[in-house]
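Take a moment to look over the sequence and the fold before reading on. We will walk through the structure step by step.

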Amino acid sequence: MLEPTPENISQAAALLGEGKLVAFPTETVYGLGADARNDSAVAAVYAAKGRPAFNPLIIHFSDAEAAGETVVFDDRAWRLAAAFWPGALTLVLKRRDTCLVSLLASAGLDTLAVRVPHHPVAHALLEQAGFPIAAPSANRSGRISPTAAEHVLADLGDRVAAIIDGGPSRVGIESTVVDLSGEEAALLRPGGIPTADIEAIIGPLVVADSDASAPKSPGMLSRHYAPAIPIRINAPSANPGEALLAFGPGVKNRHVNLSRKGDLQEAAANLFAMLHMLDQPGFAGIAVMPIPERGLGIAINDRLRRAAASDKT
Ligand code: TXA
Ligand code: MG
């Protein structure tokens, strides 16, 4: 548990740079932070939270310009950023081709949720780090969001390298999430900035499915990443023409392997990058070897099942 002194904030930034997890205060709730560019650090976030699925994470930036280098801002996005950043608003926008943020952090989507937090400690940490920080709320899956360092200590104390204590969160509920990746601006999650204040700037918002990461309608499902070629899961081996996405030891070296050691955190870190790599028109499909249904394997299998099912819709 660290007091928010400049030395401690530098130390926390260094820990993040080494791929460790650091919980830090924001004005909404405390975040469980990881270097957003580092696949294995992002995998560690999902492991620490015990998430049964890979919900896309919010990526935090020190200022709007840095966010604008990572995702494509349109006029609506710049106007909202000018009005509410730094603050409790998250914008979902298209990733740039040059975007260095881990595909796992956005669950393989071609969009990214970005936010510039207002809390001075969060801001100092982002400035010191010099890279974007992926951070969901710093609670285990299914528990309530933490608004004090003590909440994080009780829930995740054994799973983080450090917790920066910045006092109670002023806003106390998560940021408002607005999707600007399409024509119509959509409210994905009500939160710290009132919807009416946002509508006063960009006009009416359509209300999307409240949990964009667990879509119920096929229309929402199609928004999620699925390879263009068919996926076959629980495949012991590849059929002729198929690429094999292997898992575990004892598989020929020429095959792309999620984790030769059979390590589920390493497999999670590699999942989306390897699916993208194998998603080539030269293959008839991707055969994925069985992944154990435990730990992060549950989230990996959730994602693979969705990717396999979306072929049929
Ligand atoms: O206030 C907050 O937003 C806190 C602090 C730490 O910044 N963070 C937070 O993160 O609440 P998290 O991961 O618990 O919530 C992320 C929300 C989820 O509802 C997720 O589905 C949505 O943002 N989201 C993230 N990326 C998205 C994307 N590319 N497309 C659609 N929704 C996305
Ligand atoms: Mg949360």
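In which helix is the place of Pro120? Pro120 sits in helix H5, which covers residues 120-129. Keep in mind throughout that this is a predicted model.

Stay with Pro120 for a moment. Is Pro120 buried or exposed? Its relative accessible area is 59%. Exposed means over 50%, so Pro120 counts as exposed. Now look for Thr26. Pro120 and Thr26 are 94 residues apart along the chain. Yet their C-alpha atoms are separated by 8.2 Å.

Step back to the whole chain. How many helices and strands are there in the chain? The count is ten helices and 14 strands. Along its principal axes, the C-alpha trace spans about 55 × 45 × 35 Å.

What about the inside and the outside? Of the 313 residues, 55% count as buried. The accessible surface of the chain comes to about 13,200 Å². Carbon and sulfur atoms account for 54% of that surface.

Now turn to the ligand. Which residues come nearest to ligand 1? There are 22 residues around ligand 1, and Thr28, His60, Thr111, Ser175 and Arg189 come nearest. A polar side-chain atom of Thr28 lies 2.6 Å from an oxygen atom of ligand 1. For His60, a polar side-chain atom is 2.7 Å from a ligand 1 oxygen atom. For Ser175, the distance from a polar side-chain atom to an oxygen atom of ligand 1 is 2.5 Å. Taken alone, ligand 1 exposes 680 Å². The protein buries 94% of that area.

Which elements give two or more residues to the shell around ligand 1? They are strand S3 (58-60), strand S5 (111-115) and strand S9 (186-189). S5 gives the largest share of the shell, four residues. The shell can also be sorted by residue type. Eleven of its residues are nonpolar, seven are polar and four are charged.

Return to His60, one of the residues that come nearest to ligand 1. His60 has its place in strand S3. Is His60 buried or exposed? Its relative accessibility is 4%. Buried means under 20%, so His60 counts as buried. The His60 side chain also reaches the backbone oxygen of Ile58, at 3.3 Å. Who else touches His60? Leave aside its neighbours within four places in sequence. His60 is then in contact with Arg115, Pro117, Leu126, Pro132, Ile133 and Ala135.

Next come some details of the backbone. Most residues other than glycine have a negative phi, and most peptide bonds are trans.

Start with the peptide bond between Trp85 and Pro86. This bond is cis, with omega about -5°. Pro86 lies in the loop between helix H4 (75-84) and strand S4 (89-94).

Move on to Ala107. Its phi is near 50°, a positive value in a residue other than glycine. Ala107 is found in the loop between S4 and S5. Where does it stand on accessibility? Ala107 has a relative accessible area of 0%, so it is buried.

Asn234 has a positive phi too, about 55°, although it is not a glycine. Its place is in the loop between strand S11 (231-232) and strand S12 (242-246). At 48% relative accessibility, Asn234 counts as partly exposed.

Finish with Asp302. In which helix is the place of Asp302? Asp302 is in helix H10, residues 296-309. Its relative accessibility is 16%. That is under 20%, so Asp302 counts as buried. Not counting residues up to four places away in sequence, Asp302 touches Pro52 and Ala53.

Conventions. Residues numbered from 1 in each chain as written. Chains lettered and ligands numbered in written order. Predicted model: local features only at pLDDT ≥ 70, side-chain atom pairs only at ≥ 80, totals over all residues. Heavy atoms only, no water. Near = heavy atom within 4 Å. Polar contact = N/O pair within 3.5 Å; in protein donor to acceptor, adjacent residues only side chain to side chain. Areas by Shrake-Rupley, 256 points an atom, 1.4 Å probe, with all protein chains shown as cover. Nonpolar A, V, L, I, M, F, W, Y, C, P; charged D, E, K, R; others polar. Buried < 20%, exposed > 50% of the residue type's maximum accessible area, 1.4 Å probe, protein only. Contact = heavy atoms within 4.5 Å.
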